[in-house]
Amino acid sequence: MVAGGGVGRAGGRGPGRRGGVAASPGGHRRRVSRQERGTGVGEAAGGQPGVGRVLVVVPTYNEADNIADVVARVRRAAPAVDVLVADDNSPDGTGTLAEAMAATDAQVHVLHRPGKQGLGAAYLAGFGWARQHGYDAVVEMDADGSHAPEDLPALLAAARDADVVIGSRWVGGARVVNWPWRRLLLSRCGNLYARMALGMPVSDATGGFRVYRLSALRAMRLESVCSQGYSFQVELSRLAHRAGVRIVEVPITFAERERGASKMSPLIVAEALWRITTWGLRDRRPARWRRGHDRWP
Ligand SMILES: Nc1nc2c(ncn2[C@@H]2O[C@H](COP(=O)(O)OP(=O)(O)OP(=O)(O)O)[C@@H](O)[C@H]2O)c(=O)[nH]1
Ligand SMILES: [Mg+2]
């Protein structure tokens with residue numbers, strides 16, 4: 001499946017899968033060139049082949065029951081990548097646990113933030129950290145075990161030929177395990193709405209297991225990002241689509257969290273609905289009306 005903004009589907013599952021990207025017949029408005037991607041430095045420093053130095057950013061708030069397991073699984077599944085735990089001063093001591101892991105593993109880092117400021121703010125801080133430390137790509141991944149670190153190699157393989165890789169729950173080959181029907185419905189309807197309102201050919205615009213090349217993040221102009229919670233993923237999908245970078249979706253296995261409490265709330269859903277509607281209306285206005293009002297240049 002390939003469409004307007006350069007969205008492709010990676011190939012089938014299995015050990016031989018390299019995340020092969022479907023050809024895009026003239027679908028890209030702006031594809032970030034290999035030279036711009038700048039994979040050379042990271043590879044020379046022992047990074048991920050074809051991608052460079054990769055940082056997995058794991059935002060945490062009260063994930064003490066999960067963080068050690070998830071970080072250990074990431075390190076096993078993709079030994080070449082580094083991990084940054086972006087903790088918002090979790091009262092349950094997640095930050096301290098992460099610190100203990102960082103003390104014994106030079107590839108694990110912790111970004112301590114003063115207090116709970118939302119998923120979006122934690123990711124933006126993590127992306128900034130990655131830029132400052134010379135990484136070529138970042139991975140977004142939840143700490144609650146919903147995103148299987150074992151899927152990481154497939155996402156990174158797909159990133160060889162893409163600027164943004166979305167681990168998708170809603171493409172062929174994906175699995176969603178143990179999710180209550182209410183959450184399934186919310187995700188399906190939310191994605192349908194986002195796709196229709198924003199005209200984005202992305203099956204899972206709300207998913208939070210992704211790879212972004214730093215060059216793509218630069219092209220996406222993140223200074224305009226305003227989402228606090230759940231809508232952050234939709235907002236980044238929209239910015240990627242608008243920037244014309246090459247987006248690929250890879251099937252993942254998504255599982256309901258087994259330990260700890262969800263931070264999902266009606267407020268977060270309301271924010272997403274409100275923002276998607278606002279962006280949809282704004283994107284439909286003729287360009288001359290947008291001038292001076294849209295934060296997008
Ligand atoms: N740093 C930081 N991390 C957060 C914040 N809110 C959520 N997170 C983390 O973001 C990830 C996703 O949060 P979840 O509570 O699993 O939310 P969700 O995946 O949208 O909802 P569920 O499907 O119910 O689990 C987890 O790793 C959380 O710990 C926050 O305010 N700050
Ligand atoms: Mg979750």
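This is a short tour of a predicted model, from the whole chain to its ligand site and then to its helices.

**Whole protein**

Start with everything shown as a cartoon. Look for 11 helices and 10 strands. Now colour by burial. Of the 297 residues, 47% count as buried. Then consider contacts between residues at least 6 apart in sequence: 79% of them join residues at least 24 apart.

**Ligand 1**

Select ligand 1 and the residues around it. There are 21 of them. Expect 8 nonpolar, 5 polar and 8 charged residues.

Now trace the shell back to the secondary structure. Strand E2 (54-60) supplies at least two of its residues, and so do strand E3 (82-87) and helix H5 (119-132).

**Helix H3**

Move to helix H3, residues 67-77. Show the side chains of Ile67, Val70, Val71 and Val74, the buried residues of H3. Turn the view to look down the axis. These buried residues fall within an arc of 95 degrees, so they line one face of the helix.

What covers them? Select E2, E3, H4, E4 and helix H6 (152-158), which are among the covering elements.

**Helix H4**

Go on to helix H4, residues 94-104. Are Thr94, Gly95, Leu97 and Ala98 buried or exposed? They are the buried residues of this helix. Look down the axis again. The buried residues of H4 span an arc of 160 degrees, so they too line one face.

H4 in turn is part of the cover of H3.

**Helices H9 and H10**

Finish with a helix pair. Select helix H9 (residues 231-243) and helix H10 (residues 266-284). Their axes are 9 Å apart, and the packing angle is about 20 degrees. An angle under 35 degrees counts as roughly parallel, and H9 and H10 are therefore roughly parallel to each other.

Zoom in on the contact. From H9, show Ser231, Val234, Glu235 and Arg238. From H10, show Glu271, Ala272, Arg275, Ile276 and Trp279, which those H9 residues meet. Colour this contact by class: 4 nonpolar, 1 polar and 4 charged residues.

Note on methods
Residues are numbered from 1 along each chain as its sequence is written. Chains are lettered from A and ligands numbered from 1 in the order in which they are written. This is a predicted model: local features need pLDDT of at least 70, side-chain atom pairs count only at pLDDT 80 or more; totals for chains, interfaces and linings use all residues. A residue is near a molecule or strand if its C-beta atom, placed from the backbone, lies within 6 Å of it. Helices (H or I, at least four residues) and strands (E, at least two) are DSSP runs, numbered from the N terminus. Ala, Val, Leu, Ile, Met, Phe, Trp, Tyr, Cys and Pro count as nonpolar, Asp, Glu, Lys and Arg as charged, and the others, Gly among them, as polar. A residue is buried if 20 or more other C-beta atoms lie within 10 Å of its own, exposed if 12 or fewer, and partly exposed in between; C-beta atoms are placed from the backbone. The arc is that of the directions from the helix axis to the C-beta atoms. Two residues are in contact if their C-beta atoms, placed from the backbone, lie within 7 Å. Axes are lines fitted to C-alpha atoms, for helices over the stretch in contact, and angles run from 0 to 180 degrees between N-to-C directions. Angles under 35 degrees count as roughly parallel, over 145 as roughly antiparallel, 65 to 115 as roughly perpendicular and the rest as oblique.
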